[in-house]
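Thank you all for making the time this morning.

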Amino acid sequence: MQEFLVLGSQRLSALRDAFQCVMDFMTQGADDARRSALVQNTRTKKTSNSFMMIEGVFYNDSPLLRAQIEEKARLLEQEQELAIQDGEGSKGSGVAIDAASTFGSSGNVIETLVEDIKVNNHEEYARHSLDYSQVILDWIQESPERESDPAFQNLQKKHMHDTRIQDLAIRLNHPYLFVHQGSCEHILMVKSMRLPNKEYDDMNRAHYPRLMFKSKHSTHMCKMCLVNRAQFVTIDDRLAGESPCYFCQQCYYAFHYDIKGNILYDDFRVFPYVHED
């Protein structure tokens, strides 16, 4: 369990970036290079596919959406700089450039939908992006019975990055849902809302979302040597003796590779073991 202190002005994507779950750092396999280098999660930024389900609205995020949002922000900043430069250059002639009207004019970036923004490596981002909410909506539409269920009526989709915490219609202590990495589910719950207090709150906005509590997790040791901390975890490894089985780096390679570096057998799954601490 984790608890965060979040500002109402912050976007849902900022809260998502603050979440800490080992599944965000699990690749398809230690011997699998298919994962794109463009889609890499870090402790402070998560770009993999996910959504939050809050009061009948799917708030989506994906590698392509993140790239498009960042590119739109860059283009808007570029337009603003050009508008300011034009304004400064026209002071001598008494002509003022209104940046707001420049952004609002037809064909400008501010009027362009995020989905229409083109980014470098667009196809690569798209290949690794999946709208989880659309999968659920398609499943609902497959059955007339599900479509008529009141629980599935009036569902909406929005971008996580477009929504600020203060704009949400939420119920205190009511369970909401966060899903990422395909099927890793977490319960979201808002405990309280209040105004900031200068006496005991950190007034530096850059320090939020702020982690206030995190439950402790045990760390697995290598099952072979029982000395080193695990670096890999195998599933359905027929010679390991158990599944899942945890290995340190030295034992994993000694157990699965010959002296020439050739893998001895590959009918199992292996993942990096990411420590929670």
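The side chain of D24 makes a polar contact with the side chain of H180, at 2.8 Å, where a polar contact is a pair of N or O atoms within 3.5 Å; within protein, one must be able to donate a hydrogen and the other to accept it, and residues adjacent in sequence count only if both atoms are side-chain atoms. Before I go further, please keep in mind that this is a predicted model, in which local features need pLDDT of at least 70 and side-chain atom pairs count only at pLDDT 80 or more, while totals for chains, interfaces and linings use all residues. Residues are numbered from 1 along each chain as its sequence is written, and side-chain values use heavy atoms, with hydrogens and water left out.

The side chain of D24 also makes a polar contact with the side chain of Q181, at 3.3 Å. D24 lies in the loop between α1 (12–18) and β2 (50–54), with helices (H or I, at least four residues) and strands (E, at least two) taken as DSSP runs and numbered from the N terminus. Is D24 buried or exposed? With a relative accessible area of 3%, D24 is buried; here buried means under 20% relative accessible area, exposed over 50%, and partly exposed in between, using a 1.4 Å probe and protein chains only. Leaving aside neighbours within four places in sequence, D24 is in contact with R16, N41, K46, S48, H180 and Q181, where contact means heavy atoms within 4.5 Å.

S62 is the next residue I would like you to find, in the loop between β3 (57–61) and α2 (63–89). S62 is buried as well, at a relative accessible area of 8%, and, not counting residues up to four places away in sequence, S62 touches T47, S48, N49 and S129. From C-alpha to C-alpha, S62 and H180 are 9.8 Å apart in space, although 118 residues separate them in sequence.

That brings me to the strands around H180. Strand β5 covers residues 176–180 and pairs with β6 in the antiparallel sense over five bridges, given that two strands pair if DSSP finds at least two bridges between them. The bridge partner of H180 in β6 is C184, and F178 stands opposite H186 in β6. β5 and β6 form a hairpin with three residues between them, and Q181, in the turn, has a positive phi of about 50 degrees. Four bridges also join β2 to β5, and these two run antiparallel, with M52 standing opposite F178 in β5. Because four of its five residues are buried, β5 is largely enclosed by the rest of the structure.

Both pairings belong to a wider arrangement. An open sheet of five strands has the order β4-β3-β2-β5-β6, with mixed pairing. At the edges stand β4 (156–159) and β6 (184–188), each with a single partner strand, so one side of each is left without a neighbour in the sheet. The twist averages 20 degrees from one strand to the next, with axes being lines fitted to C-alpha atoms, for helices over the stretch in contact, and angles running from 0 to 180 degrees between N-to-C directions.

There is also an open sheet of three strands, in the order β9-β8-β10, with antiparallel pairing. Here β9 (245–247) and β10 (269–272) stand at the edges with a single partner strand each, so one side of each has no neighbour in the sheet. Strand β8 (residues 232–235) is joined to β10 by four bridges, and V270 in β10 is the bridge partner of T234.

Now a word on the cysteines. How many disulfides does the structure hold? It holds zero, a disulfide being a pair of cysteine sulfur atoms within 2.5 Å. The sulfur of C184 is 3.8 Å from the closest cysteine sulfur, in C21, which is too far for a bond. Likewise, C222 is in no disulfide, and the nearest cysteine sulfur, that of C251, is 3.7 Å away. C184 counts as buried at 15% relative accessibility, and C222 is buried at 0%.

Finally, the chain as a whole. Its secondary structure comes to seven helices and 10 strands, and of its 277 residues, 35% count as buried. Among contacts between residues at least 6 apart in sequence, 61% join residues at least 24 apart.
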